[in-house]
Amino acid sequence: MKVSVIVPVYNVEKYIDRCLKSLVNQTLKDIEIIVVNDGSPDNSQKIIDKYAKKYKNVKSYIKENGGVSDARNYGIKKSSGEYIAFVDGDDFVLENMYESMYEKAKSDNFDVVVCDLNYIYEDSNKENRVSSGFNKDTSDINKAIINNYPVVWNKIIKREIFEDIEFKKGVWFEDVEFIYRMLPLIKNIGVIKEPFNQYIQRKGSITKSVDKRIYNYIDNWNGIIDFYKEKGFYDKYKKELEFAYVRYIYATFVKQSTYFDKDEYNKAVDLAIKNVKKNFPNYRKNKYFYKSLKGAYLLTFNKCVSKILYKIKNK
């Protein structure tokens with residue numbers, strides 16, 4: 001089997017037919033589609049059953065609810081593909097995605113191949129093309145830590161990589177956590193500048209949720225640092241890891257914390273500052289922060305800036 005595509009399913013009855021249709025119509029024929037029903041309480045399984053009955057390469061599994069990471073890990077164990085890919089049950093892909101990406105992977109024995117993607121907004125039908133973070137093939141993993149778009153559903157990944165890591169269970173932002181642990185384990189990345197993955201932006205998405213699970217960002221990133229140290233990668237990638245850590249904590253985490261009430265937001269900011277000071281107290285000496293406007297924001301971030309940000313976001 002050339003590619004195994006793993007589809008975790010939970011409450012996507014409205015979308016799963018379109019998702020599976022895009023997979024069974026792939027131009028790559030040596031492909032298996034592993035659908036993992038993660039204890040979904042809706043009627044998704046009825047739709048899955050129709051595809052599993054009609055198409056031999058659709059394999060259906062049902063398990064107790066354990067979250068998207070648990071469903072992906074389950075699917076990996078059931079897979080046999082040379083490369084492994086992931087598609088969320090509410091998204092879909094273009095029909096030549098996996099043939100194009102597999103051919104690219106084999107052209108130079110790439111560990112990972114990435115593509116661009118389209119954000120499709122459910123409430124307006126508008127599309128927004130988003131880059132994978134790469135313009136050309138690379139073996140520069142240091143730069144990949146800085147530039148990559150940290151999701152799994154625009155990638156195919158050589159299955160040997162999964163012998164060393166799996167998805168962290170029970171957390172939000174599991175893709176970021178997984179990708180940053182994956183990067184030091186690979187040698188090269190192949191790039192296709194085509195928006196194969198169609199990423200549906202649903203109402204009530206995590207990025208606009210008032211939920212304390214956004215604190216998983218800090219826990220995940222502290223775990224990433226521990227992983228790099230335990231595996232002996234830390235010194236080699238310290239400057240890039242430092243930039244990525246501060247960027248995610250002071251930009252992404254703090255920005256999403258603005259959906260909290262003011263007291264909880266202030267607690268989140270205090271925790272962010274505490275963790276940055278603990279792990280990277282001298283980050284302002286890092287050259288990466290002087291190369292972009294976002295870097296300039298990170299250099300100037302403090303409690304005063306955080307208050308201004310909260311006022312802007314909550315006008």
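Guide: Contact here means heavy atoms within 4.5 Å. Keep in mind that this is a predicted model.

Visitor: Leaving aside neighbours within four places in sequence, which residues is E264 in contact with?

Guide: E264 is in contact with K212 and Y215, once its neighbours within four places in sequence are set aside. E264 lies in helix α9. K212 is 52 residues away along the chain, and the C-alpha atoms of E264 and K212 are separated by 9.3 Å.

Visitor: Is E264 buried or exposed?

Guide: Buried means under 20% relative accessible area. E264 has a relative accessible area of 12%, so E264 is buried.

Visitor: Where is S69 found, and what does S69 touch?

Guide: S69 is found in helix α3, residues 68-78. The relative accessible area of S69 is 2%, so this residue is buried as well. Not counting residues up to four places away in sequence, S69 touches F167, K168, K169 and E174.

Visitor: What is the place of Q201?

Guide: Q201 is in strand β9, which spans residues 189-201. Its relative accessible area is 18%, so Q201 counts as buried. Apart from residues up to four places away in sequence, Q201 touches Y119, I120, Y121 and E122.

Visitor: Now the helices. How do I read the packing of two of them, and at what angle do α8 and α9 pack?

Guide: Look at the angle between the two axes: under 35 degrees counts as roughly parallel, and over 145 as roughly antiparallel. Helix α8 and helix α9 (residues 262-279) pack at an angle of about 170 degrees, with their axes 10 Å apart. The two helices are therefore roughly antiparallel to each other.

Visitor: Which residues meet in that contact of α8 with α9?

Guide: From α8 come Y234, Y245, V246, I249, Y250, F253, V254 and S257; from α9 come Y265, A268, V269, A272, I273, N275, V276 and N279. By class, the residues of this contact divide into 13 nonpolar, three polar and no charged.

Visitor: At what angle do the axes of α7 and α9 cross?

Guide: Helix α7 covers residues 216-230, and its axis crosses that of α9 at roughly 5 degrees, the two coming within 11 Å. Therefore α7 and α9 are roughly parallel to each other. In α7, I218, N222 and I225 meet L271, A272, N275 and N279 in α9. The contact of α7 with α9 has four nonpolar, three polar and no charged residues.

Visitor: How do I tell whether a helix has a buried face, and which residues of α10 are buried?

Guide: List the buried residues, then look down the helix axis. In α10, residues 293-300, the buried residues are G295, L298 and L299. Seen down the axis of α10, they fall within an arc of 100 degrees, so they line one face of the helix. What covers these buried residues includes α8, residues 234-257.

Visitor: Which residues of α4 are buried?

Guide: Helix α4 (residues 97-107) has M97, Y98, M101, Y102 and A105 as its buried residues. Down the axis of α4 these lie within an arc of 110 degrees, so they line one face of that helix. Just after α4, N109 takes a positive phi of about 50 degrees.

Visitor: On to strands. How do I read pairing, and which residues of β4 are buried?

Guide: For pairing, check the direction of the two strands and the bridges between them. Strand β4 has Y83 and A85 buried on one side and I84 and F86 buried on the other, and both of its faces are covered. β4 pairs with strand β1 (residues 3-9) in the parallel sense over four bridges, and V5 stands opposite A85 in β4. β4, residues 83-86, also pairs with β8, here in the antiparallel sense over three bridges. A85 stands opposite I156 in β8, while the bridge partner of I84 in β8 is I157.

Visitor: Which strand do three bridges join to β8 besides β4?

Guide: That is strand β6, residues 112-121, which runs antiparallel to β8. The bridge partner of V112 in β8 is I157. Both faces of β8 (residues 155-158) are covered: K155 and I157 are buried on one side, I156 and K158 on the other.

Conventions: Residues are numbered from 1 along each chain as its sequence is written. This is a predicted model: local features need pLDDT of at least 70, side-chain atom pairs count only at pLDDT 80 or more; totals for chains, interfaces and linings use all residues. Side-chain values use heavy atoms; hydrogens and water are left out. Buried means under 20% relative accessible area, exposed over 50%, partly exposed in between (1.4 Å probe, protein chains only). Two strands pair if DSSP finds at least two bridges between them. The arc is that of the directions from the helix axis to the C-beta atoms. Axes are lines fitted to C-alpha atoms, for helices over the stretch in contact, and angles run from 0 to 180 degrees between N-to-C directions. Angles under 35 degrees count as roughly parallel, over 145 as roughly antiparallel, 65 to 115 as roughly perpendicular and the rest as oblique. Ala, Val, Leu, Ile, Met, Phe, Trp, Tyr, Cys and Pro count as nonpolar, Asp, Glu, Lys and Arg as charged, and the others, Gly among them, as polar.
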